[in-house]
Amino acid sequence: MTWFERNHGKWLAAWLLGTALAAVALAQWRLGELRDAFELDARIAHRLLSQRLAQHDAVLVTLTLYPAPADAPGADATLRQLYPQLLQVLRQPADGPWPAAEWAAAEARSRQTALAQVLPVPGSPGRYGLLRAGPQTAVALLIDLQATVPWAEWPLPRDSSPVAVTVLRDDQAWVVQPGRTSPGGWRFEVRKPLASESQAFGLSLQRQVSWAELPWLAILAACVGWAGLLALWRQWRTQREQKARAEELLRLGQVSRLNALGELAAGLAHELNQPLTAIVANTQAASRLLDEEGDAADASAARQAMAQAVSQAHRAAEVVARLRRTVARPEASDRVSLDLAQAVQRTVHLLAPELAQAEVQVQQDLPALQVQAEPVALEQVIHNLLMNAVQALAQVPAPERRLEIKLHADGPWAVLRLIDSGPGFSEDTRRRLFEPFFTTKPEGMGLGLSLRETLLTRLDGRIEASHHTPRGAVFTIYLPLP
(Lines give C-alpha, C1' and ligand atoms only; values in the text may rest on other atoms or scores of the structure.)
Protein backbone atom coordinates (compact mmCIF):
# COMPACT_ATOMS: atom_id res chain seq x y z
CA MET A 1 0.00 0.00 0.00
CA THR A 2 1.43 3.39 -1.02
CA TRP A 3 1.71 6.46 1.20
CA PHE A 4 -1.13 8.15 -0.72
CA GLU A 5 -3.43 5.15 -0.27
CA ARG A 6 -2.68 4.94 3.46
CA ASN A 7 -3.26 8.63 4.14
CA HIS A 8 -5.82 9.70 1.55
CA GLY A 9 -7.35 6.54 0.09
CA LYS A 10 -10.33 6.25 2.43
CA TRP A 11 -11.12 9.97 2.18
CA LEU A 12 -10.97 9.85 -1.62
CA ALA A 13 -13.25 6.80 -1.58
CA ALA A 14 -15.69 8.63 0.75
CA TRP A 15 -15.68 11.67 -1.55
CA LEU A 16 -16.26 9.57 -4.65
CA LEU A 17 -19.08 7.65 -2.95
CA GLY A 18 -20.73 10.82 -1.65
CA THR A 19 -20.37 12.51 -5.03
CA ALA A 20 -21.87 9.52 -6.81
CA LEU A 21 -24.82 9.39 -4.40
CA ALA A 22 -25.40 13.15 -4.73
CA ALA A 23 -25.18 12.96 -8.52
CA VAL A 24 -27.65 10.08 -8.65
CA ALA A 25 -30.06 11.84 -6.28
CA LEU A 26 -29.92 15.12 -8.24
CA ALA A 27 -30.29 13.30 -11.55
CA GLN A 28 -33.30 11.36 -10.22
CA TRP A 29 -34.83 14.58 -8.93
CA ARG A 30 -34.35 16.29 -12.32
CA LEU A 31 -35.67 13.30 -14.24
CA GLY A 32 -38.68 13.23 -11.92
CA GLU A 33 -39.35 16.88 -12.68
CA LEU A 34 -39.07 16.29 -16.42
CA ARG A 35 -41.32 13.22 -16.23
CA ASP A 36 -43.97 15.09 -14.23
CA ALA A 37 -43.92 17.97 -16.73
CA PHE A 38 -44.11 15.52 -19.64
CA GLU A 39 -47.06 13.63 -18.16
CA LEU A 40 -48.89 16.89 -17.44
CA ASP A 41 -48.37 18.04 -21.05
CA ALA A 42 -49.53 14.63 -22.27
CA ARG A 43 -52.78 14.92 -20.27
CA ILE A 44 -53.45 18.42 -21.64
CA ALA A 45 -52.71 17.34 -25.22
CA HIS A 46 -54.97 14.31 -24.86
CA ARG A 47 -57.83 16.44 -23.51
CA LEU A 48 -57.52 19.06 -26.30
CA LEU A 49 -57.46 16.52 -29.13
CA SER A 50 -60.33 14.55 -27.59
CA GLN A 51 -62.37 17.76 -27.47
CA ARG A 52 -61.69 18.42 -31.17
CA LEU A 53 -62.77 14.93 -32.15
CA ALA A 54 -65.93 15.40 -30.09
CA GLN A 55 -66.55 18.61 -32.06
CA HIS A 56 -66.39 16.62 -35.31
CA ASP A 57 -69.05 14.24 -34.05
CA ALA A 58 -71.24 17.16 -32.93
CA VAL A 59 -70.94 18.89 -36.31
CA LEU A 60 -71.88 15.71 -38.14
CA VAL A 61 -74.89 15.07 -35.90
CA THR A 62 -76.12 18.62 -36.53
CA LEU A 63 -75.63 18.38 -40.30
CA THR A 64 -77.41 15.03 -40.60
CA LEU A 65 -80.47 16.16 -38.63
CA TYR A 66 -81.44 18.81 -41.15
CA PRO A 67 -81.64 18.74 -44.94
CA ALA A 68 -79.10 20.69 -46.91
CA PRO A 69 -79.86 24.43 -46.91
CA ALA A 70 -80.53 26.26 -50.15
CA ASP A 71 -77.19 28.00 -49.87
CA ALA A 72 -75.21 24.88 -48.96
CA PRO A 73 -71.82 26.09 -50.34
CA GLY A 74 -72.03 29.31 -48.36
CA ALA A 75 -73.06 27.54 -45.18
CA ASP A 76 -70.22 25.06 -45.60
CA ALA A 77 -67.72 27.91 -46.10
CA THR A 78 -68.89 29.50 -42.84
CA LEU A 79 -68.52 26.16 -41.09
CA ARG A 80 -64.95 25.80 -42.34
CA GLN A 81 -64.11 29.23 -41.07
CA LEU A 82 -65.29 28.20 -37.61
CA TYR A 83 -63.45 24.88 -37.78
CA PRO A 84 -60.26 25.29 -39.87
CA GLN A 85 -59.55 21.56 -39.74
CA LEU A 86 -62.65 20.86 -41.88
CA LEU A 87 -61.31 21.01 -45.42
CA GLN A 88 -64.57 20.03 -47.15
CA VAL A 89 -68.18 19.10 -46.35
CA LEU A 90 -69.54 16.33 -48.59
CA ARG A 91 -73.21 15.51 -48.74
CA GLN A 92 -74.91 12.45 -50.21
CA PRO A 93 -76.05 13.14 -53.78
CA ALA A 94 -79.79 13.77 -53.93
CA ASP A 95 -80.28 11.60 -56.98
CA GLY A 96 -78.32 8.55 -55.98
CA PRO A 97 -75.65 6.85 -53.92
CA TRP A 98 -72.10 7.97 -53.25
CA PRO A 99 -69.77 7.85 -56.26
CA ALA A 100 -67.24 5.63 -54.45
CA ALA A 101 -68.13 2.16 -53.22
CA GLU A 102 -66.25 2.57 -49.90
CA TRP A 103 -68.31 5.66 -49.10
CA ALA A 104 -71.54 3.76 -49.68
CA ALA A 105 -70.25 0.91 -47.50
CA ALA A 106 -69.32 3.44 -44.76
CA GLU A 107 -72.87 4.88 -44.94
CA ALA A 108 -74.33 1.41 -44.50
CA ARG A 109 -72.13 0.76 -41.47
CA SER A 110 -73.06 4.12 -40.01
CA ARG A 111 -76.79 3.42 -40.33
CA GLN A 112 -76.28 0.02 -38.75
CA THR A 113 -74.14 1.27 -35.79
CA ALA A 114 -75.51 4.82 -35.50
CA LEU A 115 -71.89 6.00 -35.36
CA ALA A 116 -69.73 8.00 -37.73
CA GLN A 117 -67.27 6.05 -39.81
CA VAL A 118 -63.65 6.96 -40.54
CA LEU A 119 -62.60 6.87 -44.19
CA PRO A 120 -59.00 6.96 -45.41
CA VAL A 121 -58.04 9.53 -48.01
CA PRO A 122 -55.46 7.93 -50.33
CA GLY A 123 -52.60 10.18 -51.34
CA SER A 124 -53.31 12.69 -48.61
CA PRO A 125 -51.22 11.97 -45.52
CA GLY A 126 -52.57 13.57 -42.39
CA ARG A 127 -56.11 13.71 -43.71
CA TYR A 128 -59.11 11.46 -43.21
CA GLY A 129 -62.82 11.41 -43.90
CA LEU A 130 -65.61 11.09 -41.37
CA LEU A 131 -69.05 10.00 -42.62
CA ARG A 132 -72.31 9.77 -40.73
CA ALA A 133 -75.75 8.69 -41.95
CA GLY A 134 -78.67 10.53 -40.39
CA PRO A 135 -82.47 10.47 -40.75
CA GLN A 136 -82.41 13.23 -43.37
CA THR A 137 -79.19 12.68 -45.21
CA ALA A 138 -75.62 11.37 -44.96
CA VAL A 139 -72.78 13.85 -44.54
CA ALA A 140 -69.01 13.39 -44.72
CA LEU A 141 -66.27 15.69 -43.50
CA LEU A 142 -62.74 15.83 -44.93
CA ILE A 143 -60.51 16.63 -41.95
CA ASP A 144 -56.90 17.83 -41.75
CA LEU A 145 -55.43 16.20 -38.66
CA GLN A 146 -52.60 18.73 -38.40
CA ALA A 147 -55.08 21.61 -38.35
CA THR A 148 -57.11 19.80 -35.70
CA VAL A 149 -54.46 20.62 -33.10
CA PRO A 150 -55.42 23.80 -31.21
CA TRP A 151 -51.98 25.38 -31.33
CA ALA A 152 -53.08 28.43 -29.37
CA GLU A 153 -53.81 26.20 -26.35
CA TRP A 154 -51.27 23.50 -27.09
CA PRO A 155 -48.89 22.93 -24.12
CA LEU A 156 -45.92 21.99 -26.29
CA PRO A 157 -44.05 24.63 -28.32
CA ARG A 158 -44.63 23.72 -31.97
CA ASP A 159 -41.08 24.18 -33.24
CA SER A 160 -38.89 23.78 -30.17
CA SER A 161 -40.54 21.10 -28.01
CA PRO A 162 -38.52 17.90 -27.56
CA VAL A 163 -41.76 15.88 -27.33
CA ALA A 164 -42.81 13.93 -30.42
CA VAL A 165 -46.61 13.66 -30.85
CA THR A 166 -48.16 11.02 -33.13
CA VAL A 167 -51.77 10.05 -33.81
CA LEU A 168 -52.25 6.34 -34.48
CA ARG A 169 -55.01 4.33 -36.11
CA ASP A 170 -54.55 0.67 -36.94
CA ASP A 171 -51.32 0.54 -38.95
CA GLN A 172 -51.35 4.24 -39.80
CA ALA A 173 -49.48 6.96 -37.99
CA TRP A 174 -49.76 10.72 -38.43
CA VAL A 175 -46.98 12.87 -37.02
CA VAL A 176 -48.46 15.93 -35.37
CA GLN A 177 -45.21 17.19 -33.87
CA PRO A 178 -41.79 15.74 -34.73
CA GLY A 179 -40.07 16.60 -31.42
CA ARG A 180 -36.36 16.16 -30.92
CA THR A 181 -34.29 13.00 -30.70
CA SER A 182 -31.04 12.66 -28.72
CA PRO A 183 -28.54 9.79 -28.58
CA GLY A 184 -28.50 7.95 -25.25
CA GLY A 185 -30.21 9.30 -22.18
CA TRP A 186 -33.69 8.40 -20.94
CA ARG A 187 -36.97 7.89 -22.76
CA PHE A 188 -40.47 8.80 -21.55
CA GLU A 189 -43.57 7.64 -23.40
CA VAL A 190 -47.33 7.92 -22.98
CA ARG A 191 -49.92 6.11 -25.15
CA LYS A 192 -53.65 6.66 -24.68
CA PRO A 193 -56.73 6.27 -26.90
CA LEU A 194 -58.48 9.55 -27.66
CA ALA A 195 -61.90 9.95 -26.10
CA SER A 196 -64.04 9.47 -29.20
CA GLU A 197 -66.23 6.46 -29.82
CA SER A 198 -66.44 7.00 -33.57
CA GLN A 199 -62.87 8.10 -34.24
CA ALA A 200 -60.77 5.30 -32.80
CA PHE A 201 -57.46 7.14 -32.75
CA GLY A 202 -54.65 6.67 -30.29
CA LEU A 203 -52.31 9.39 -29.09
CA SER A 204 -48.58 8.70 -28.59
CA LEU A 205 -46.17 11.15 -26.95
CA GLN A 206 -42.46 10.43 -26.63
CA ARG A 207 -39.76 12.43 -24.88
CA GLN A 208 -36.02 11.77 -25.15
CA VAL A 209 -33.99 13.24 -22.26
CA SER A 210 -30.32 13.81 -23.08
CA TRP A 211 -27.38 13.83 -20.70
CA ALA A 212 -27.05 17.56 -21.27
CA GLU A 213 -30.39 18.16 -19.52
CA LEU A 214 -29.12 16.86 -16.17
CA PRO A 215 -28.40 19.50 -13.49
CA TRP A 216 -24.64 19.51 -13.93
CA LEU A 217 -24.13 22.79 -12.08
CA ALA A 218 -26.01 21.45 -9.07
CA ILE A 219 -24.02 18.20 -9.25
CA LEU A 220 -20.76 20.18 -9.41
CA ALA A 221 -21.86 22.27 -6.43
CA ALA A 222 -22.72 19.08 -4.52
CA CYS A 223 -19.25 17.66 -5.34
CA VAL A 224 -17.51 20.79 -4.10
CA GLY A 225 -19.76 21.03 -1.04
CA TRP A 226 -19.21 17.38 -0.12
CA ALA A 227 -15.45 17.84 -0.54
CA GLY A 228 -15.61 20.85 1.79
CA LEU A 229 -17.61 18.92 4.40
CA LEU A 230 -15.17 16.01 4.24
CA ALA A 231 -12.24 18.40 4.59
CA LEU A 232 -13.79 19.97 7.69
CA TRP A 233 -14.63 16.53 9.11
CA ARG A 234 -11.11 15.29 8.44
CA GLN A 235 -9.58 18.36 10.06
CA TRP A 236 -11.79 17.92 13.13
CA ARG A 237 -10.95 14.21 13.39
CA THR A 238 -7.25 14.93 12.92
CA GLN A 239 -7.29 17.51 15.70
CA ARG A 240 -9.23 15.17 17.97
CA GLU A 241 -6.86 12.27 17.25
CA GLN A 242 -3.82 14.48 17.84
CA LYS A 243 -5.25 15.64 21.15
CA ALA A 244 -6.11 12.07 22.20
CA ARG A 245 -2.69 10.88 21.06
CA ALA A 246 -0.94 13.62 23.01
CA GLU A 247 -2.96 12.83 26.13
CA GLU A 248 -2.25 9.12 25.80
CA LEU A 249 1.46 9.70 25.24
CA LEU A 250 1.53 12.01 28.24
CA ARG A 251 -0.19 9.35 30.35
CA LEU A 252 2.23 6.67 29.17
CA GLY A 253 5.12 9.03 29.82
CA GLN A 254 3.95 9.69 33.36
CA VAL A 255 3.47 5.99 34.01
CA SER A 256 6.87 5.29 32.49
CA ARG A 257 8.52 7.84 34.76
CA LEU A 258 6.76 6.36 37.78
CA ASN A 259 7.89 2.88 36.77
CA ALA A 260 11.42 4.15 36.20
CA LEU A 261 11.31 5.69 39.65
CA GLY A 262 10.08 2.36 41.01
CA GLU A 263 12.88 0.53 39.24
CA LEU A 264 15.40 3.05 40.52
CA ALA A 265 13.99 2.81 44.05
CA ALA A 266 14.12 -0.96 43.90
CA GLY A 267 17.74 -0.78 42.78
CA LEU A 268 18.60 1.69 45.50
CA ALA A 269 16.82 -0.42 48.10
CA HIS A 270 18.77 -3.45 46.96
CA GLU A 271 22.06 -1.58 47.03
CA LEU A 272 21.40 0.12 50.40
CA ASN A 273 20.20 -2.99 52.18
CA GLN A 274 23.68 -4.53 52.09
CA PRO A 275 25.57 -1.64 53.75
CA LEU A 276 22.77 -1.11 56.24
CA THR A 277 22.92 -4.76 57.17
CA ALA A 278 26.68 -4.51 57.54
CA ILE A 279 26.29 -1.46 59.81
CA VAL A 280 23.87 -3.34 62.02
CA ALA A 281 26.12 -6.43 62.17
CA ASN A 282 29.31 -4.50 62.90
CA THR A 283 27.64 -2.31 65.50
CA GLN A 284 26.21 -5.34 67.29
CA ALA A 285 29.62 -7.01 67.21
CA ALA A 286 31.28 -3.93 68.70
CA SER A 287 28.67 -3.86 71.43
CA ARG A 288 29.42 -7.48 72.31
CA LEU A 289 33.16 -6.80 72.36
CA LEU A 290 32.71 -3.87 74.68
CA ASP A 291 30.66 -6.05 76.98
CA GLU A 292 33.46 -8.52 77.16
CA GLU A 293 36.58 -6.33 77.30
CA GLY A 294 36.84 -2.62 78.08
CA ASP A 295 36.50 -0.14 80.92
CA ALA A 296 33.11 -0.01 82.53
CA ALA A 297 32.56 3.75 81.93
CA ASP A 298 33.72 3.59 78.33
CA ALA A 299 31.72 0.44 77.76
CA SER A 300 28.51 2.16 78.87
CA ALA A 301 29.03 5.06 76.45
CA ALA A 302 29.97 2.72 73.61
CA ARG A 303 26.95 0.60 74.16
CA GLN A 304 24.69 3.69 74.10
CA ALA A 305 26.28 4.92 70.87
CA MET A 306 25.99 1.53 69.23
CA ALA A 307 22.33 1.28 70.26
CA GLN A 308 21.67 4.62 68.60
CA ALA A 309 23.49 3.51 65.44
CA VAL A 310 21.42 0.32 65.33
CA SER A 311 18.24 2.36 65.78
CA GLN A 312 19.17 4.77 63.01
CA ALA A 313 20.15 1.96 60.67
CA HIS A 314 16.77 0.25 61.21
CA ARG A 315 15.06 3.56 60.63
CA ALA A 316 16.93 4.08 57.33
CA ALA A 317 15.98 0.58 56.20
CA GLU A 318 12.33 1.28 57.05
CA VAL A 319 12.41 4.54 55.04
CA VAL A 320 13.81 2.73 52.01
CA ALA A 321 11.24 -0.06 52.37
CA ARG A 322 8.42 2.47 52.65
CA LEU A 323 9.67 4.26 49.50
CA ARG A 324 9.71 0.97 47.64
CA ARG A 325 6.16 0.15 48.75
CA THR A 326 4.99 3.60 47.70
CA VAL A 327 6.23 3.39 44.09
CA ALA A 328 5.66 -0.33 43.59
CA ARG A 329 3.00 -1.12 40.96
CA PRO A 330 0.03 -3.35 41.75
CA GLU A 331 0.22 -6.71 40.12
CA ALA A 332 -2.44 -9.37 39.63
CA SER A 333 -5.31 -7.27 40.97
CA ASP A 334 -5.07 -4.91 37.95
CA ARG A 335 -5.09 -7.59 35.28
CA VAL A 336 -8.03 -7.78 32.87
CA SER A 337 -8.84 -9.83 29.80
CA LEU A 338 -7.90 -7.85 26.70
CA ASP A 339 -7.27 -8.39 22.99
CA LEU A 340 -3.51 -8.23 22.44
CA ALA A 341 -3.99 -7.35 18.76
CA GLN A 342 -6.11 -4.32 19.66
CA ALA A 343 -3.56 -3.20 22.25
CA VAL A 344 -0.83 -3.30 19.60
CA GLN A 345 -3.02 -1.44 17.09
CA ARG A 346 -3.81 1.29 19.63
CA THR A 347 -0.12 1.80 20.32
CA VAL A 348 0.74 1.86 16.59
CA HIS A 349 -2.02 4.45 16.14
CA LEU A 350 -0.50 6.58 18.90
CA LEU A 351 2.87 6.49 17.13
CA ALA A 352 1.43 7.05 13.64
CA PRO A 353 2.94 10.57 13.26
CA GLU A 354 6.40 9.37 14.30
CA LEU A 355 6.18 6.37 11.95
CA ALA A 356 5.04 8.55 9.07
CA GLN A 357 7.72 11.18 9.72
CA ALA A 358 10.40 8.49 9.82
CA GLU A 359 8.93 6.94 6.60
CA VAL A 360 8.72 3.51 8.23
CA GLN A 361 6.79 0.87 6.30
CA VAL A 362 4.71 -1.05 8.84
CA GLN A 363 3.38 -4.53 8.11
CA GLN A 364 0.95 -6.05 10.62
CA ASP A 365 -0.26 -9.60 11.02
CA LEU A 366 -2.42 -9.45 14.13
CA PRO A 367 -5.09 -12.10 14.64
CA ALA A 368 -7.29 -11.68 17.72
CA LEU A 369 -5.78 -13.24 20.85
CA GLN A 370 -7.07 -12.73 24.39
CA VAL A 371 -4.54 -12.40 27.25
CA GLN A 372 -4.70 -11.47 30.94
CA ALA A 373 -2.67 -8.30 31.46
CA GLU A 374 -2.63 -4.81 32.90
CA PRO A 375 -3.52 -2.56 29.91
CA VAL A 376 -1.32 0.43 30.70
CA ALA A 377 1.72 -1.70 31.53
CA LEU A 378 1.31 -3.73 28.34
CA GLU A 379 0.88 -0.66 26.14
CA GLN A 380 3.89 0.91 27.83
CA VAL A 381 6.04 -2.11 26.96
CA ILE A 382 4.90 -2.09 23.31
CA HIS A 383 5.30 1.71 23.09
CA ASN A 384 8.89 1.53 24.34
CA LEU A 385 9.82 -1.24 21.91
CA LEU A 386 8.24 0.58 18.95
CA MET A 387 10.05 3.82 19.82
CA ASN A 388 13.33 1.91 20.07
CA ALA A 389 12.64 0.44 16.62
CA VAL A 390 11.89 3.89 15.11
CA GLN A 391 15.13 5.28 16.56
CA ALA A 392 17.09 2.30 15.21
CA LEU A 393 15.51 2.57 11.75
CA ALA A 394 16.52 6.24 11.55
CA GLN A 395 20.10 4.97 11.07
CA VAL A 396 19.33 3.23 7.72
CA PRO A 397 18.17 4.73 4.36
CA ALA A 398 14.47 5.57 4.17
CA PRO A 399 13.56 2.97 1.47
CA GLU A 400 14.95 0.21 3.74
CA ARG A 401 13.00 1.15 6.88
CA ARG A 402 10.61 -1.72 7.52
CA LEU A 403 8.88 -2.83 10.70
CA GLU A 404 6.95 -6.09 10.94
CA ILE A 405 4.57 -6.82 13.80
CA LYS A 406 3.41 -10.43 14.00
CA LEU A 407 1.19 -12.19 16.50
CA HIS A 408 0.40 -15.88 16.87
CA ALA A 409 -0.36 -18.52 19.47
CA ASP A 410 2.31 -21.06 20.39
CA GLY A 411 1.07 -23.63 22.89
CA PRO A 412 0.15 -21.82 26.13
CA TRP A 413 1.70 -18.54 24.93
CA ALA A 414 0.61 -15.56 22.89
CA VAL A 415 3.76 -14.62 20.96
CA LEU A 416 4.24 -11.05 19.71
CA ARG A 417 7.26 -10.33 17.49
CA LEU A 418 8.55 -6.89 16.51
CA ILE A 419 11.03 -7.19 13.65
CA ASP A 420 12.91 -4.14 12.34
CA SER A 421 15.40 -3.71 9.51
CA GLY A 422 17.68 -1.40 11.48
CA PRO A 423 21.39 -1.84 12.14
CA GLY A 424 20.78 -4.45 14.87
CA PHE A 425 23.21 -4.99 17.75
CA SER A 426 26.26 -7.04 18.60
CA GLU A 427 26.10 -10.31 20.50
CA ASP A 428 27.69 -8.75 23.57
CA THR A 429 25.11 -5.94 23.52
CA ARG A 430 22.30 -8.46 23.11
CA ARG A 431 23.36 -10.32 26.26
CA ARG A 432 23.32 -7.10 28.32
CA LEU A 433 20.19 -5.43 26.86
CA PHE A 434 18.01 -6.10 29.91
CA GLU A 435 20.61 -5.18 32.56
CA PRO A 436 19.65 -2.12 34.65
CA PHE A 437 21.62 1.02 33.74
CA PHE A 438 23.12 -0.55 30.61
CA THR A 439 22.56 1.62 27.53
CA THR A 440 24.04 2.24 24.09
CA LYS A 441 22.47 5.71 23.83
CA PRO A 442 24.61 8.73 24.79
CA GLU A 443 21.84 10.24 26.96
CA GLY A 444 20.08 7.05 28.00
CA MET A 445 19.60 5.88 31.59
CA GLY A 446 19.59 2.19 30.76
CA LEU A 447 16.31 1.51 32.57
CA GLY A 448 13.90 1.17 29.61
CA LEU A 449 14.34 -2.47 28.62
CA SER A 450 15.05 -3.49 32.20
CA LEU A 451 11.77 -1.97 33.28
CA ARG A 452 9.90 -3.66 30.38
CA GLU A 453 11.32 -7.00 31.44
CA THR A 454 10.20 -6.35 35.02
CA LEU A 455 6.69 -5.41 33.91
CA LEU A 456 6.38 -8.51 31.74
CA THR A 457 7.66 -10.68 34.57
CA ARG A 458 4.94 -9.30 36.82
CA LEU A 459 2.45 -10.28 34.09
CA ASP A 460 3.87 -13.84 34.11
CA GLY A 461 5.43 -13.21 30.72
CA ARG A 462 8.90 -12.68 29.35
CA ILE A 463 10.78 -10.87 26.60
CA GLU A 464 13.63 -12.01 24.37
CA ALA A 465 15.93 -10.22 21.93
CA SER A 466 17.57 -11.80 18.89
CA HIS A 467 19.20 -10.93 15.57
CA HIS A 468 17.25 -10.64 12.34
CA THR A 469 18.64 -11.90 9.06
CA PRO A 470 20.08 -10.21 7.05
CA ARG A 471 20.00 -7.16 9.32
CA GLY A 472 17.99 -5.81 12.19
CA ALA A 473 16.61 -6.87 15.54
CA VAL A 474 13.76 -9.04 16.78
CA PHE A 475 12.06 -8.51 20.13
CA THR A 476 9.70 -11.31 21.13
CA ILE A 477 7.12 -10.98 23.89
CA TYR A 478 5.54 -14.04 25.48
CA LEU A 479 2.30 -13.67 27.44
CA PRO A 480 0.28 -16.57 28.86
CA LEU A 481 -3.03 -17.38 27.21
CA PRO A 482 -6.05 -17.64 29.55
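Guide: A salt bridge is a side-chain nitrogen of Lys or Arg lying within 4 Å of a carboxyl oxygen of Asp or Glu. With that term in hand, we can look at the structure above, which is a predicted model.

Visitor: How many helices and strands are there in the chain?
Guide: The chain has 482 residues, and 38% of them count as buried. Among the contacts that join residues at least 6 apart in sequence, 67% link residues at least 24 apart. As for the elements themselves, the chain contains 11 helices and 15 strands.

Visitor: How far apart are the closest N and O atoms in the salt bridge of Glu-33 with Arg-30?
Guide: Side chains of opposite charge can pair when their charged atoms come close. Glu-33 and Arg-30 are separated by about one helical turn, because they stand 3 residues apart in helix H1. Glu-33 is partly exposed at 35% relative accessibility, and Arg-30 is likewise partly exposed, with a relative accessible area of 26%. Between Glu-33 and Arg-30, the separation of the closest N and O atoms is 3.2 Å.

Visitor: How many salt bridges does the structure hold?
Guide: A further example is the pair Glu-404 and Lys-406, whose side chains meet at 3.4 Å, N to O. Glu-404 is partly exposed at 22% relative accessibility, and Lys-406 is also partly exposed, with a relative accessible area of 36%. For the structure, the count of salt bridges is 14.

Visitor: Which element gives the largest share of the largest nonpolar core?
Guide: This core has 44 residues, and those with the most contacts inside it are Leu-340, Leu-416 and Phe-475. The elements that give two or more residues to this core include helix H7, helix H9, helix H11 and strand S15. The largest share amounts to 9 residues, and the element they come from is H9.

Visitor: Is Ser-210 buried or exposed?
Guide: Ser-210 sits in the loop between strand S8 and helix H5. Not counting residues up to four places away in sequence, Ser-210 touches Ser-182 and Trp-186. The cut-off for buried is under 20% relative accessible area, so Ser-210, at 15%, counts as buried.

Visitor: What is the value of phi near which Asp-170 lies?
Guide: Most residues other than glycine have a negative phi, and most peptide bonds are trans. Ala-114, in the loop between helix H3 and strand S2, has a positive phi near 60 degrees. Asp-170 lies in the loop between strand S5 and strand S6, and counts as exposed at 70% relative accessibility. The phi of Asp-170 is also positive, being near 55 degrees.

Visitor: Is the peptide bond from Thr-469 to Pro-470 cis or trans?
Guide: Pro-470 belongs to the loop between S14 and S15. The bond that leads from Thr-469 to Pro-470 has an omega near 5 degrees, and this peptide bond is cis.

Technical notes
Residues numbered from 1 in each chain as written. Predicted model: local features only at pLDDT ≥ 70, side-chain atom pairs only at ≥ 80, totals over all residues. Heavy atoms only, no water. Core = buried A, V, L, I, M, F, W, Y, C linked by side-chain atoms within 4.5 Å. Buried < 20%, exposed > 50% of the residue type's maximum accessible area, 1.4 Å probe, protein only. Helix = DSSP H or I, 4+ residues; strand = E, 2+ residues; numbered from the N terminus. Contact = heavy atoms within 4.5 Å.
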